[in-house]
Amino acid sequence: MLRYTICLFLFLLVGAVWGQTHTVSGVLKDASSGETLIGANVYVGDGTTGTITNEYGFYSLTLAQDTIRLTYSYIGLTPVTHQFYLSQDTILSFELSEGVEIKEVTVQANSNKEKVNSTQMGLDEVSVKEAKEIAAAFGEVDVIKVLQLKPGVQSGSEGSSGLFVRGGGADQNHFILDEAPIYNPSHLFGFFSTFNADAIKNVKLFKAGFPSEYGGKLSSVIDIRMREGNRKDFHVTGGLGLISSRLTIEGPLVKNKGSFIVSGRRTYVDIFTSILNEANKDNEDWVQIPNYSFYDINLKANYDLGEKDRLFLSGYFGRDVFLYAADGINFNFEWGNAAGTLRWNHTISSKLFVNTSFTFSDYLYTIKNKFDEFDVSLGSGIRDMNLKTDFSWFPSTKHLIKFGLNAIYHQFSVGRFSAGNGNNLNFEAGSNFQSGEFGAYFSDDWTISSRVKLLTGLRWSAFYNSGQFYWAAEPRLALKYSVHPTVSLKASYARMTQYIHLVSTSGASLPTDVWYPSNKNVQPQSSDLVSAGFSWAIGKNFFLSGEGYYKWMQRQIDFRDGAQLFINDELDKEFVFGKGYSYGGEIYLEKKNGMIRGWIGYSLSWTWREFAEINNGKPFHPKHDRRHDISVVVIWDIPWTGPKFPLTVSATWVYGTGNATTLPAGRYLSSGIVGSNPYSFVPIYTERGSFRMPAYHRMDFGIVWKLFPLSKKRFKSDLTFSVYNVYNRRNAFFMYIDAVYPNGRGQSNQTTLPDRFEAKTVSLFPIIPTVTWNFTW
């Protein structure tokens with residue numbers, strides 16, 4: 001009996017030892033700069049078990065006590081494999097170095113496998129390196145314009161950096177820069193985004209299956225992370241382009257413990273226009289040229305307080321200035337963003353990570369006119385202060401749990417108008433609001449089996465303004481089923497709620513648009529999005545995905561006919577409320593490694609809006625409804641140019657169905673007033689959005705010529721040649737109807753009847769060649 005008791009005890013003891021689990025955790029960094037790696041892969045053994053690093057390079061795996069072999073990999077860097085016996089909680093941090101091409105293929109295969117295994121749907125990531133290889137208008141690298149080349153994402157108009165994602169409006173995209181919201185992310189009236197590529201580290205676009213930590217907007221989240229700066233050496237990077245120049249300085253605060261980066265960009269078109277205006281000031285026939293300029297500054301610093309604590313401070317400041325002074329008129333139009341983030345990372349344990357942030361965001365535009373001694377000013381803005389805490393808990397390899405909460409204090413300045421001469425004649429109007437927004441969330445990315453993963457989440461949000469309180473429950477659900485190690489099927493559902501609305505006078509976001517809070521008259525918007533699709537890693541090089549979706553949008557906002565938008569203290573009385581819906585499908589084929597890289601994307605979609613007070617209550621297509629959307633991107637490293645002066649050639653072709661527009665279907669003749677024209681033509685409008693603009697298509701071409709590419713040389717530079725709109729397609733910016741008379745266009749005193757009326761188009765950009773010199777030292 002004793003023998004059996006001892007055997008049973010030994011069996012239980014061995015089982016307990018072998019059943020013990022321990023946690024291996026750490027931070028992955030780039031060996032050349034010391035910057036943390038976002039989304040790096042960490043795999044156990046053959047890759048059946050693993051995880052990825054979070055936004056701060058942290059990973060955690062809880063495994064059974066055993067001999068473990070871990071592989072760490074990241075796109076473009078040499079993988080590191082480490083084998084050890086896991087007998088206690090262990091911290092393993094590594095720096096990954098640049099790899100040779102054959103290693104990059106292996107890394108990319110892991111990346112495609114991670115996309116297949118992930119439960120996340122509707123996620124697109126943009127590499128800044130990739131963005132710099134693609135031809136851009138005026139030579140300005142723009143990560144937001146690269147996002148427009150992804151399926152399901154449409155631009156508002158020619159050259160615009162605005163986004164319309166899966167049928168959503170321009171105000172339904174949540175732009176986040178280092179966790180701080182950016183409300184008008186554009187320069188040059190929307191032609192360029194505010195995000196300087198030299199300062200950007202990582203860009204993620206979520207267009208479906210939104211993680212629970214995100215809220216506040218209906219259609220997409222664009223999460224942009226700034227670079228941290230080189231922790232090992234000082235570097236200077238810059239570029240001289242057609243309309244602007246850039247300069248970035250980075251280096252260690254204390255080597256391998258902290259770093260900083262300062263990046264600035266400014267246009268110099270205003271310098272040349274000022275010189276021309278000054279040179280022709282005595283010329284009576286000279287027409288004054290307005291002065292326009294923009295600039296932006298990104299800065300960031302970080303420091304390791306210890307092994308478990310890290311502090312970050314980042315900021316952004318940008319301004320656009322439009323000036324015109326002539327004939328007694330002094331017109332000054334300014335707008336811009338300011339944002340700042342203070343973050344503290346703390347590793348509570350090997351399984352629990354917390355990030356606490358305080359963010360500040362401010363957007364303001366001001367229009368000032370001066371007529372002799374009479375001053376007129378009009379402006380609006382929004383200011384936020386946000387305190388948030390986010391936890392990441394890794395209880396086992398089967399669960400990744402996230403939870404957190406935040407509170408935002410909003411200040412709105414709506415239509416602040418003032419006029420006066422500084423003496424007795426003064427007038428002011430406008431409204432100010434203060435409101436609070438709150439959120440709490442929980443999510444669990446649960447690996448049920450080797451084939452099934454389930455991502456469940458719930459976000460609770462609330463909003464308070466002027467005595468009115470709203471709240472909403474926002475469930476999130478995503479399911480992944482692996483048909484094969486390289487093929488998975490996915491489905492997701494997400495509800496989103498938006499408490500802040502854009503008062504826009506056009507189909508694209510402009511500086512004069514106004515952000516307006518929910519109140520007793522304006523209820524929050526909401527959306528429900530259902531998606532289903534597949535992911536397929538084809539061999540080692542290709543990745544194919546397809547998704548179909550249906551989106552319901554409630555309490556959409558538009559304006560009643562004849563709405564008074566300016567100098568109105570009761571702006572919400574001009575709103576009308578309705579609903580919207582959109583549906584469609586997308587297909588995406590990508591190759592990210594090798595000498596020839598690129599992607600092909602295709603979208604088929606329908607978008608509708610419905611308001612009782614508009615279009616006689618009939619559903620209509622908004623401006624951004626686009627039936628077909630195609631993008632083709634090819635990047636080619638030409639091999640025969642040799643290692644000393646290599647060339648990278650890129651070509652992009654896009655096609656899109658023309659935007660929906662509203663034009664008069666006819667005209668009727670009306671008697672004029674005595675002493676003026678004897679008649680006039682009154683337009684007859686039918687249904688809104690019932691006409692289509694001509695189809696949009698364009699090809700861009702670029703060459704990057706590396707002048708000093710060898711890694712042994714500290715100074716490197718390249719010349720980037722680009723041609724925007726290669727075959728000079730005159731795409732329509734907007735359309736109008738014009739009368740055609742027997743002897744040409746009629747004048748104001750024309751008394752003859754026109755032969756006909758014709759639709760005319762106005763185009764912006766012809767073929768535009770540019771050259772930019774980029775350098776780093």
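Predicted model: local features only at pLDDT ≥ 70, side-chain atom pairs only at ≥ 80, totals over all residues.
**Two asparagines with positive phi**

Most residues other than glycine have a negative phi. N615, which is not a glycine, has a positive phi near 65°. The loop between β36 and β37 holds N615. With a relative accessibility of 13%, N615 counts as buried because the cut-off for that class is under 20%.

N725 likewise has a positive phi near 65° and is a residue other than glycine. N725 belongs to the loop that lies between β44 (716-724) and β45 (732-740). The relative accessible area of N725 is 1%, so N725 is buried.

Helix α5 spans residues 269-279, and its residues D270, T273 and N277 are buried. These residues lie on the same side of α5 because they cover an arc of only 65° around the axis. In general, an α-helix has 3.6 residues a turn, so residues three or four places apart point the same way.

Elements covering the buried residues of α5 include β20 (258-267) and β21 (291-304). On the face turned away from the buried side, α5 carries the exposed residues F272, I275 and A279.

R227 is located in the loop between β17 (220-226) and β18 (235-240). Its relative accessible area is 19%, which means that R227 is buried, the limit being under 20%.

The side chain of R227 makes a polar contact of 2.5 Å with the side chain of E250. The R227 side chain also reaches the backbone oxygen of D198, at 3.3 Å. When neighbours within four places in sequence are left aside, the residues in contact with R227 are E35, D198, A199, I200, K201, E250, I261 and K300.

Note on methods: Residues numbered from 1 in each chain as written. Heavy atoms only, no water. Buried < 20%, exposed > 50% of the residue type's maximum accessible area, 1.4 Å probe, protein only. Helix = DSSP H or I, 4+ residues; strand = E, 2+ residues; numbered from the N terminus. Arc of directions from axis to C-beta. Contact = heavy atoms within 4.5 Å. Polar contact = N/O pair within 3.5 Å; in protein donor to acceptor, adjacent residues only side chain to side chain.
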